[in-house]
Amino acid sequence: MEARFLQLLAVLALCCAPARSAWLPATATFYGGADGSGTMYGACGYGNLYDQGYGVNNAALSTALFNDGASCGQCYVVICDTSKTAWCKPGTWVTVSATNFCPPNWSLPSDNGGWCNPPRPHFDMSQPAWETIAVYRAGIVPVLYQRIKCWRNGGVRFTINGFNYFELVLVTNVAGSGSIASMAVKGTNTGWLQMTRNWGANWQCLAALAGQGLSFALTSTGGQYILFQDVVPAWWQFGQTFSTYQNFDY
């Protein structure tokens, strides 16, 4: 069994490259029901995960992994650690996107119910994702995980919310590293304005940009810079989403 487990790690190291980290230990539970519908509208702000392209293979991350929302959109390959439990489905693995936050439960000890308490690295996965690698009855299993490159269909999307002098831009469908490290916006009549993370994958700007065409400059957490020139027309309204043809490689 151990030899087979090591072979699986070797195969995944090849097929999931380029990886962003080594194999690391964690634990995993599940939530959201058999169809994963209970995982929608999480702390990253993606809303309906089917509509946004993230699908049912998603996970809520513990504090140690969530990084105050900076990890939203990142991708991880997760395998059940057959060397530590008999509740695994040997030879299986699943790739999940970070779409939610698993908050601490300070009323329970970290080794008995408080699975998402710091400093534990923990994945609270959708039930369909979980059942790819482990037996339902287990409840919680030890896992090994690795951050990997995200593959998305189409380009980065920008959804503009807010009002008057407050723009809140949700950035979705990010490939490559899956998450954004910095972001700036430029209106037709402004210079570049640095944006800050408000919550999850939502970035804010305190400026009067209504009636102006918008460009965005993004740097991924992998260090890649992309200029999204004139991707939002001047007639935009709050609540609208604008798709692009550009996306990240890393």
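Leaving out neighbours within four places in sequence, Val96 is in contact (heavy atoms within 4.5 Å) with Asn57, Asn58, Ala59, Gln74, Cys75, Tyr76, Val78, Met125 and Ala129. The model is predicted: local features need pLDDT of at least 70, side-chain atom pairs count only at pLDDT 80 or more, and totals for chains, interfaces and linings use all residues. Residues are numbered from 1 along each chain as its sequence is written, and side-chain values use heavy atoms, with hydrogens and water left out.

Val96 belongs to the residues with the most contacts inside the largest nonpolar core, along with Tyr46, Tyr76, Val78, Phe123, Met125 and Ile133. That core has 31 residues. A nonpolar core is a set of buried Ala, Val, Leu, Ile, Met, Phe, Trp, Tyr and Cys residues joined through side-chain atoms within 4.5 Å. Buried means under 20% relative accessible area, exposed over 50%, and partly exposed in between, with a 1.4 Å probe and protein chains only. Elements giving two or more residues to this core include strand 3 (75-80), strand 4 (94-101), strand 5 (122-126) and helix 4 (127-133). A second, separate core holds 24 residues, among them Val171, Leu218, Val231 and Phe242.

Now two individual positions. Thr172 sits in strand 8 (residues 166-172). Its relative accessibility is 0%, so Thr172 counts as buried. Beyond neighbours within four places in sequence, Thr172 contacts Tyr46, Gln52, Tyr54, Val156 and Arg157. Gly32 lies in the loop between strand 1 and helix 2 (49-52). Gly32 is partly exposed because its relative accessible area is 21%. Not counting residues up to four places away in sequence, Gly32 touches Ser37, Gly38 and Thr39. The C-alpha atoms of Gly32 and Ser126 are 5.8 Å apart, although the two residues are 94 apart along the chain.

Next, the whole chain. The protein has 4 helices and 14 strands. These are DSSP runs, numbered from the N terminus: helices are H or I of at least four residues, strands E of at least two. The radius of gyration is 19 Å, close to the 18 Å that the globule rule gives for 250 residues, so the protein is as compact as a globular protein of that length. The radius is taken over C-alpha atoms, and the rule is 2.2 Å times the number of residues to the power 0.38. Along the principal axes, the C-alpha atoms fill a box of roughly 65 × 40 × 30 Å. Of the 250 residues, 52% count as buried. Among contacts with a separation of 6 or more, 69% come from residues 24 or more positions apart.
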